[in-house]
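This briefing covers a few selected places in one protein structure. Please look at the sequence and the model first, then read the points below.

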Amino acid sequence: MIALFVHDNAKADLLALRDSEPQAAGRILALLEQLEGDPDLLDRLTQHDYGAYSSAEFHVSKWQKQWRKGRDLWRLKVWDLDKKGLRYRIIYAFIPSKQHYYILAITPRRDFDYEERDPISQRILRDYQEL
């Protein structure tokens, strides 16, 4: 059955965000709750470029470098936050055999460059291997 889980490290990210940017944390939490309750919307998380050009409330993209390495990793950005200058990325994995999504990180875009040498990327990749 399709389901969404939030990794403990992503929960810690969200708690830290609540202290520094409560508006962003609240919006992201509301989106995660909305996704959990809507299987159709949850299914959009594996549709590359879903929501492009603000055509939906969020934009989905494959983490291309990791995809080419066989890792089913994605990123999501929330348009209304981006437009307010609150540029956060929700990084998640999809495990097709289980139909499970795992939120692995919630990070400011400025602190995350998607390169494997990046400490956030390293944490995400470690957590992904443990799924």
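The side chains of His59 and Arg75 are joined by a polar contact of 3.1 Å. The model is a predicted one.

**His59**
- His59 is part of strand β2, which covers residues 58-62.
- His59 counts as buried because its relative accessibility is 8%, and the cut-off for buried is under 20%.
- A second polar contact, of 2.6 Å, links the side chain of His59 to that of Asp49.
- Leaving aside residues up to four places away in sequence, the residues that His59 touches include Tyr50, Gly51, Leu76 and Trp79.

**Helix α6**
- Helix α6 has 12 residues, 119-130.
- From first C-alpha to last, α6 reaches 17 Å, close to the 16 Å expected at 1.5 Å a residue.
- Asp118 caps the N-terminal end of α6, with a side-chain oxygen 2.9 Å from the backbone nitrogen of Ile120.
- Ile120 is also one of the buried residues of α6, and among the others are Ile124, Leu125 and Tyr128.
- These buried residues pack against α1 (8-20), α4 (64-67), β3 (73-78), β4 (88-95) and β5 (100-108).

**Tyr102**
- Tyr102 lies in strand β5.
- With a relative accessible area of 15%, Tyr102 is buried.
- The side chains of Tyr102 and His100 form a polar contact of 3.2 Å.
- Not counting residues up to four places away in sequence, Tyr102 touches Phe5, Ile91, Tyr92, Ala93, Ile95 and Leu131.
- Leu14 is 88 residues from Tyr102 along the chain, and their C-alpha atoms are separated by 14 Å.

Terms used
Residues are numbered from 1 along each chain as its sequence is written. This is a predicted model: local features need pLDDT of at least 70, side-chain atom pairs count only at pLDDT 80 or more; totals for chains, interfaces and linings use all residues. Side-chain values use heavy atoms; hydrogens and water are left out. Helices (H or I, at least four residues) and strands (E, at least two) are DSSP runs, numbered from the N terminus. Buried means under 20% relative accessible area, exposed over 50%, partly exposed in between (1.4 Å probe, protein chains only). A polar contact is a pair of N or O atoms within 3.5 Å; within protein, one must be able to donate a hydrogen and the other to accept it, and residues adjacent in sequence count only if both atoms are side-chain atoms. Contact means heavy atoms within 4.5 Å. The expected span of a helix is 1.5 Å times one less than its number of residues.
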